[in-house]
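Here are my notes for your first look at this one. Keep the viewer open and click along as you read.

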Amino acid sequence: MLRSKILSLKPRNRKRNRQRKRKRKREQNFVSKNQQPLPLTVVVEEEEEVEVEEGFSLKTSAPSHSHGVQPLGNLYFNPSSHNSRNTGLGNLQTLTDELVLDILGYLSGTHLGILSTVSRSFYVFSDHEPLWRNLVLENYGGGFLYNGSWKSTFVSAYKPSFVGSCVGSSGLKVRDFYSDYLFQSWLCANLVMKPEWLERDSIQRRRGMSVDEFILHFEEPNKPVLLEGCMDNWVALEKWDRDYLVEVCGDVRFSVGPVEMRLQDFFRYSDQAREERPLYLFDPKFAEKVPRLGSDYEVPPYFTEDLFKVLDSERPDYRWVIIGPAGSGSSFHIDPNSTSAWNAVIKGSKKWVLFPPDVVPPGVHPSPDGAEVACPVSIIEWFMNFYNATKKWEKKPIECVCKAGEVIFVPNGWWHLVINLEDSIAITQNFVSRRNLVNVLDFLKRPDANTLVSGTRDRVNLHNKFRNAIEASFPGTIDQLILEAGEKKAQQKKPSFWDSVTDSKAGVFKFSF
């Protein structure tokens, strides 16, 4: 017999450096005080298997929560009003789940295992997968072989003779255990993207457009566009499947979060991973590591002017190969150093949500200097809690699904979120053209450049190096562009003829004698 129960899940936030990633011992999660819990109806079976109503559905292979954890809202339907979470934590029950997990994040694998025997509550918390993920990445780097779960992977690496498949398979069910945080982590890892999250397609699409048309209609006015047909002659589009990449790359290691992994090991992980925020291969040196990959594609003609080239080997990181399973991606951010970017999908498909520079996405809270951004823990969580609100906004986001063979142009300053809808491979490059050179130079000379500038070791001196190199290669260009930018700004502020002869408040003609 199914029982329908109400669940209120509070959006969880995480804080991160917007311009560069920092390795941390533990993940920190923050909840914004002004965010309200959002209602969600769920159906819970007696065996604790969960189905989600209100248009939400779980992946076909989604398991029930391994320990029977239920959302906190279900506690109000429990006649006993008993939460075994509190009983098992003792004096620590007054702490939030996030703080409990932060404390456990300081423990070793051995101590986590010992703690899990203290009580059923500690057993559930100690089994939280992100704890074991951090232990694997910190202790074994990218040299691990994923074994179905992070806990199993850790134990198998720690004690190879142990039968890893037995680890964590006891499936101990804890009755009357209620936790929004733990439940939502499981839910976000197993939810399918709702059709209504994918149906909105508001981006302009172009095929066969000239470079001049692109500059006039999109780059100059700083507007996104999806380009079709401009990568049809790429070798990568034809050849880049798993077998080809594994053969070409061999034992070369690529950047995957805080570690480096071989492609065959990463694909083993991505085939089995079922977590809220899957690891994402995002490597800025792929063409240097495997030159053949760099020769398998060419920059579309719309983006060939890249003025950072004048710095040669001193230029900041600017191109990346991106590989990830369904559900992986990037939460809201603005591309580094005020650059524009293009992203070409070679395999799979990606959902994009973009907001213009003057619109901060809902649920996203940048610091005053822009160095850090607090945002929902996962991309799925943002869609669950904030996406519907954008339908009522006057300035709605630009959205699209970018498929294999398509390229999206992301103008400088635009906030964007990307999630892979399936196993995906892509290449992206950031660039500086004459249209955004002045913006980039202004950004690089900011007083807090040592915090904001990314992709280079010499953050403080990058502005002077770049400006001097531009002046040497293109004399007078910077002064000319600054002059043109000033004239354009003045023109935008200048009243039209109609405004000059009418009273804008009264709506009548005015005369000056």
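Buried means under 20% relative accessible area, exposed means over 50%, and partly exposed covers what is in between (1.4 Å probe, protein chains only). Keep in mind that this is a predicted model, where local features need pLDDT of at least 70, side-chain atom pairs count only at pLDDT 80 or more, and totals for chains, interfaces and linings use all residues. Residues are numbered from 1 along each chain as its sequence is written, and side-chain values use heavy atoms, with hydrogens and water left out.

1. Start with tryptophan 150, which is buried with a relative accessible area of 0%. Tyrosine 146 is buried too, at 3%.

2. Now find the helix pair α5 (residues 129-140) and α6 (residues 150-158): the two pack at an angle of about 35°, with axes 8 Å apart. Helices here are DSSP runs (H or I, at least four residues), numbered from the N terminus. The axes are lines fitted to C-alpha atoms over the stretch in contact, and angles run from 0 to 180 degrees between N-to-C directions. The crossing of α5 and α6 is left-handed, meaning that the near helix is turned anticlockwise from the far one by less than a right angle.

3. Which residues of α5 and α6 meet? On the α5 side they include Trp132, Leu135, Val136 and Tyr140, and on the α6 side they include Trp150, Phe154 and Ala157. Contact means heavy atoms within 4.5 Å. The residues of this contact divide into nine nonpolar, two polar and three charged. For that count, Ala, Val, Leu, Ile, Met, Phe, Trp, Tyr, Cys and Pro are nonpolar, Asp, Glu, Lys and Arg are charged, and the others, Gly among them, are polar.

4. On to the rings: the whole structure has 33 aromatic pairs. Rings of Phe, Tyr and Trp (its six-membered ring) pair if their centres lie within 6.5 Å; planes under 30 degrees apart are stacked, over 60 edge-to-face, and the rest tilted. Tryptophan 132 and phenylalanine 154 have ring centres 5.4 Å apart and planes at 55°, so this pair is tilted. Because tryptophan 132 lies in α5 and phenylalanine 154 in α6, the pair ties together parts that are 22 residues apart in sequence. Tryptophan 132 counts as buried at 3% relative accessibility, and phenylalanine 154 does at 8%. Back at tyrosine 146 and tryptophan 150, the ring centres are 5.0 Å apart and the planes at 75°, so that pair is edge-to-face.

5. Have a look at glycine 141, in the loop between α5 and α6. Glycine 141 and glutamate 260 are 119 residues apart in sequence, yet 7.0 Å apart in space, C-alpha to C-alpha. Leaving aside neighbours within four places in sequence, glycine 141 is in contact with Val136 and Val259.

6. Next, compare another helix pair. The axes of α16 (residues 437-444) and α18 (residues 462-473) come within 8 Å and cross at roughly 145°, and this crossing is left-handed. Leu437, Val440, Leu441 and Leu444 in α16 meet Leu462, His463, Phe466, Arg467 and Ile470 in α18. The residues of that contact divide into seven nonpolar, one polar and one charged.

7. Finally, leucine 452 lies in helix α17 (residues 449-452). Buried or exposed? Leucine 452 is buried, with a relative accessible area of 1%.
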